[in-house]
Amino acid sequence: MEQRKRPGGTDGLGYYTSWDKSVKNGCIYCGNPATTREHVPSKAFLTEPYPENMATVPACFECNNGYSDDEKYVSCFLDVLKEAVYRDYTRRVDTNQRLAKDDRLKKLLDEQIITNNGEVHYTIDENRLCRIIVKLAKGHAGFEVDHICFDDTQVSLKYDFAFNMSEETIDEFEEIPQVDIAPEVGSRGCITPFVVQNIGTGEAFGFMFWNHVQEGQYRYQVSYNEDGGICVKIVIYEMLYCRIDFN
């Protein structure tokens, strides 16, 4: 099984996993000096009590705080939409608390999610949604495989809602990918895959499993795509399915 090597050599190992180096090397999102650690995923997508030992990545103060409004918007939008679509679902307590404190956001969601004669019509701000999805994906990729070349990559993003997807499409999305390239030594991902080796041939294969951050709220998977780039899959509230590729 081949070991992955980062583009340009091995300099900077621990770029997103070592606090001392992160201060020197910079924010995972913008590259400026990192002065804080940020949770991935953001707690905006989780409920209390929060999971213990949540993953963190280095971020500058501006980025650590600059996504908050969009994260709150996306979180509340998804929760309100899920309640509108699935009648047996009750929105989260923290969603109600956020909307009670933010009349502007509540008014916006009332305009974007409308139920008429039993049919739900919705319009989401895609710019805000995609900004947060890519941000989350960078955090997971950085934490799992210590990837440092976001500035030199092409980013592709696909997303859909569970109620628009067929069972076959969801099953395909849920697959555990088999990889023949192991994450580079020193990254968290090098110890998390399940590796199977053929005793007769010595050939080894790895499997990249889902990371369940909080049941029913948030899970993700980091693997490699067919082009050798990094593939991040994210499922939020078991309703929004996202795939982000960094090539």
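Reply: What follows is a set of questions about labels, each answered from a value and a definition.

Reply: This is a predicted model, in which local features need pLDDT of at least 70 and side-chain atom pairs count only at pLDDT 80 or more, while totals for chains, interfaces and linings use all residues. Residues are numbered from 1 along each chain as its sequence is written, and side-chain values use heavy atoms, with hydrogens and water left out.

Me: Why is Cys60 called buried?

Reply: Buried means under 20% relative accessible area, exposed means over 50%, and partly exposed lies in between, computed with a 1.4 Å probe on protein chains only. Cys60 has 3% relative accessibility, and therefore counts as buried. Cys30, at 34%, counts as partly exposed.

Me: How do you know that Cys30 is in no disulfide?

Reply: A disulfide is a covalent bond between the sulfur atoms of two cysteines. The rule used here asks for a pair of cysteine sulfur atoms within 2.5 Å, and by this rule the count comes to zero disulfides. For Cys30 the nearest cysteine sulfur is that of Cys60, which is 3.7 Å away. The sulfur of Cys60 has its closest cysteine sulfur in Cys63, at 3.6 Å, and this is too far for a bond.

Me: What makes Tyr122 and Phe163 an aromatic pair that is edge-to-face?

Reply: A pair of aromatic rings is described by the distance of the centres and the angle of the planes. Rings of Phe, Tyr and Trp (its six-membered ring) pair if their centres lie within 6.5 Å, and planes under 30 degrees apart count as stacked, over 60 as edge-to-face and the rest as tilted. A search of the whole structure finds nine aromatic pairs. In one of them, Tyr122 and Phe163 are 5.8 Å apart centre to centre with 80° between the planes, and the pair is therefore edge-to-face. Tyr122 is in strand β5 (residues 119-122) and Phe163 in the loop between β6 (155-161) and α7, 41 residues apart, and thus the pair links distant parts of the chain. Helices (H or I, at least four residues) and strands (E, at least two) are DSSP runs, numbered from the N terminus. Tyr122 counts as partly exposed at 29% relative accessibility, and Phe163 does at 27%.

Me: Why does the pair of Phe173 and Tyr241 tie together parts of the chain?

Reply: Phe173 and Tyr241 form an edge-to-face pair, with 5.1 Å centre to centre and 75° between the planes. Phe173 lies in helix α7 and Tyr241 in strand β14 (residues 240-246), so the pair ties together parts that are 68 residues apart in sequence. Both Phe173 and Tyr241 are buried.

Me: What makes the link between Ser42 and Glu71 a polar contact?

Reply: A polar contact is a pair of N or O atoms within 3.5 Å; within protein, one must be able to donate a hydrogen and the other to accept it, and residues adjacent in sequence count only if both atoms are side-chain atoms. The side chains of Ser42 and Glu71 are joined at 3.2 Å, and the link therefore falls inside the limit. Ser42 lies in the loop between β2 and β3, where it is buried, with a relative accessible area of 10%. Another polar contact, of 2.8 Å, joins the side chains of Thr169 and Ser166. Thr169 belongs to helix α7 (residues 167-174) and is partly exposed at 38%.

Me: Why is Asn53 called exposed?

Reply: Asn53 has 78% relative accessibility, and therefore counts as exposed. Asn53 sits in the loop between β2 and β3, and has a positive phi of about 55° although it is not a glycine. The loop between β2 and β3 also holds Pro41, which is joined to Val40 by a cis peptide bond with omega about 0°.

Me: What makes residues count as nonpolar, polar or charged in the lining of the second largest pocket?

Reply: Ala, Val, Leu, Ile, Met, Phe, Trp, Tyr, Cys and Pro count as nonpolar, Asp, Glu, Lys and Arg as charged, and the others, Gly among them, as polar. By these classes the lining has eight nonpolar, three polar and two charged residues.
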